[in-house]
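Keep the sequence and the 3D view open as you read.

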Amino acid sequence: MIFLSREWVEALAEMLRNDEDYQKKGKGFDSYYQIVATPSPEKGVTEDKACGLLLPMATETWMGVRDQVDYTMTAPYEVYYRIFKGDLNPVVAMTTGKAKLKGSMAKALRYSGATNKFVAVMKKLPTKFEGAFV
């Protein structure tokens, strides 16, 4: 599945819905969350890619960018590739400014266990990347 495609976000939502540990850790988070990958033109990705989910239930997904969401994670496509490959820790990506999270940081920190589980579940997806990221 191609990263941030309709198939990918639907598979992620299903995995999150069925992960009891994630559901337990995310209980009460109740937020619209979107992932935005900005272009990495030198690697062949020339336009923004984006999708989102209603978390933690993952009962709603969408493609593209919505204006009215609780959280938006934005990073260059290459940063997401490095996170998936294990070359970059997501927390390090945020603290070094390689990735940016827009939304309530206090709430996000309260649910850090759910965030870690979200990333772990996401990395289990059979994900393919576009451009030179193969």
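Predicted model: local features only at pLDDT ≥ 70, side-chain atom pairs only at ≥ 80, totals over all residues.

Two residues are in contact when they have heavy atoms within 4.5 Å of each other. An α-helix has 3.6 residues a turn, so residues three or four places apart point the same way. The length of α1 makes sense too: its 12 residues should span 16 Å at 1.5 Å a residue, which agrees with the 17 Å between its end C-alpha atoms.

Now zoom out to the interior. In soluble globular proteins, nonpolar side chains tend to be buried together. Here the largest nonpolar core has 41 residues, and those with the most contacts inside it are F3, W8, L12, L16, I35 and F118. At least two residues of this core come from each of α1 (6-17), β1 (31-38), β2 (49-55), β4 (71-76), α3 (77-85) and α6 (112-124).

Setting aside neighbours within four places in sequence, F118 is in contact with L12, L16, Y22, Y33, I35 and L55. In α6, F118 is buried along with A114, K117, V119, V121 and M122. The buried residues of α6 pack against α1, α2, β1, β2, α3 and α4 (90-95). From first C-alpha to last, the 13 residues of α6 reach 19 Å, close to the 18 Å expected at 1.5 Å a residue.

How do α1 and α6 meet? Their axes come within 10 Å and cross at roughly 125°; α1 and α6 are therefore oblique to each other. The crossing of α1 past α6 is right-handed. On the α1 side, W8, L12, M15 and L16 take part, and they meet F118, V121, M122 and K124 of α6.

Is D19 buried or exposed? Its relative accessibility is 14%, so D19 counts as buried. Leaving out residues up to four places away in sequence, D19 touches K117 and V121.

Helix α2 holds Y22, which counts as buried because its relative accessibility is 3%. Beyond its neighbours within four places in sequence, Y22 is in contact with L16, L55, P56, A114, K117 and F118. Y22 and A120 are 98 residues apart in sequence, yet their C-alpha atoms are 9.7 Å apart in space.

Helix α3 has buried residues of its own: Y77, V79, Y80, Y81, I83 and F84. Their cover includes α1, β1, β2, β4, α4 and α6. After α3 comes G86, with a positive phi near 85°.

Finally, a few backbone details. Most residues other than glycine have a negative phi, and most peptide bonds are trans. The bond joining L55 and P56 is cis, with omega about 5°, and P56 sits in the loop between β2 and β3. That loop also contains A58, whose phi is positive, near 55°; A58 is buried, with a relative accessible area of 0%. D30, in the loop between α2 and β1, is not a glycine but has a positive phi of about 40°. With a relative accessible area of 46%, D30 is partly exposed.

Technical notes:
Residues numbered from 1 in each chain as written. Heavy atoms only, no water. Core = buried A, V, L, I, M, F, W, Y, C linked by side-chain atoms within 4.5 Å. Buried < 20%, exposed > 50% of the residue type's maximum accessible area, 1.4 Å probe, protein only. Helix = DSSP H or I, 4+ residues; strand = E, 2+ residues; numbered from the N terminus. Expected span 1.5 Å × (residues − 1). Axes fitted to C-alpha atoms, helices over the stretch in contact; angles between N-to-C directions. Parallel < 35°, antiparallel > 145°, perpendicular 65-115°, else oblique. Left-handed = near helix turned anticlockwise from the far one by under 90°.
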